[in-house]
Amino acid sequence: MKTKALSSFFVLFAIAAGMVAMTPAAFADHAEVTIGIVEKSGFGQDCVADGCYTPTTATVDVGGKVIFSNTDTTGIHTFTAGTVDGFTPSPTGEFDTSIVKSGETAEWVPDTVGEVPYYCSLHTWMIGTIVVQEAEAEEANAAAQAEADAVIDDVELMVTITDSEVLGGTQVELEFSEIHVNYEITAMQNGETIYTETAHAMENTATHQIDAVGSDESPIDIDIVSFGIGVPGNEADWTGPTGIVATSQVVPEFGTIAMMILAVAIISIVAVTAKSRVVPRF
Ligand SMILES: [Cu+2]
């Protein structure tokens, strides 16, 4: 009798312990993901129909861990961020494991929300996608706080590019609709990168000097890529849209008069938690 009561208690305890163990897992299920490789993926394109990587689409939190595991016992493979057009790969640089032998693994910790396609550089029919999402832990935090604490904010970022010929070079003026934009400016001419700089705009304007002049035959193409809005070094709290927000082409049609060609706005929805609300506006 005593033994039976004790064992019942253990069963109850096991159920309770199981529930406790499952609860945090429900919130943290994307903190780590393992991507394997289907057997014999390198031998031919048979794996393509059902996916050569497994899962074909993997989801992970920002700051989480992706484990690339070569579970194919028959060959070596890579996990290389980028896309393949026919047999021509275009690596994008987020990660490249180079060769991973059978039974070996590599890791990647994503720091930006978005979708990252990847492929095997040895067998270009092998492709997959990693979806990097906002950390689940943050969502759990926000949910635990009062509903009013979670503010959905639309941040629109507009960048205007103007240029003028100064001292044999080109002066590029940027005007941002927001302050504290972290961005990269890249200038290309004749297919070559002639200027690139990563910068933080304290104010609504910024100036860059490029040692080249655009012409009809050799225009200068300028791209502005936003990394987010916020204090440098505090990237976890950055808001706003990321990606290309403005492009411009410098040609001397209007002489030295500044010219705006194109400005594109991207709207993104950013969840601002209570923590970032009490931070004063920079
Ligand atoms: Cu491969």
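These are my notebook entries on one predicted protein model, from the whole chain down to single residues.

**Ground rules.** I number residues from 1 along each chain as its sequence is written. Since I am reading a predicted model, local features need pLDDT of at least 70 and side-chain atom pairs count only at pLDDT 80 or more, while totals for chains, interfaces and linings use all residues.

**The whole chain.** I looked up the secondary structure and found three helices and 18 strands in the protein chain; helices (H or I, at least four residues) and strands (E, at least two) are DSSP runs, numbered from the N terminus. I then looked up burial, and 23% of the 282 residues count as buried. For this term I note that a residue is buried if 20 or more other C-beta atoms lie within 10 Å of its own, exposed if 12 or fewer, and partly exposed in between, with C-beta atoms placed from the backbone.

**A three-stranded sheet.** I followed an open sheet whose three strands run in the order β11-β12-β15, with antiparallel pairing; two strands pair if DSSP finds at least two bridges between them. The edges are β11 (159-166) and β15 (205-210), and each has a single partner strand, so one side of each is left without a neighbour in the sheet. From one strand to the next the twist averages 20°, an angle taken between N-to-C directions on a range from 0 to 180 degrees, with axes as lines fitted to C-alpha atoms, for helices over the stretch in contact. Looking at one pair in detail, I found eight bridges between β11 and β12, in the antiparallel sense, and V159 has F176 in β12 as its bridge partner.

**Backbone details in loops.** I checked the peptide bonds and noted a cis bond joining T54 and P55, with omega about 0°; P55 is placed in the loop between β2 (53-54) and β3 (57-61).

Which residues other than glycine did I note with a positive phi? One is S98, with phi near 50°, and another is H180, with phi near 65°. S98 sits in the loop between β6 (88-96) and β7 (105-108), whereas H180 belongs to the loop between β12 (169-176) and β13 (181-189).

Is S98 buried or exposed? S98 counts as exposed because it has 10 C-beta neighbours inside 10 Å. H180, by contrast, is buried, because 20 other C-beta atoms lie within 10 Å.
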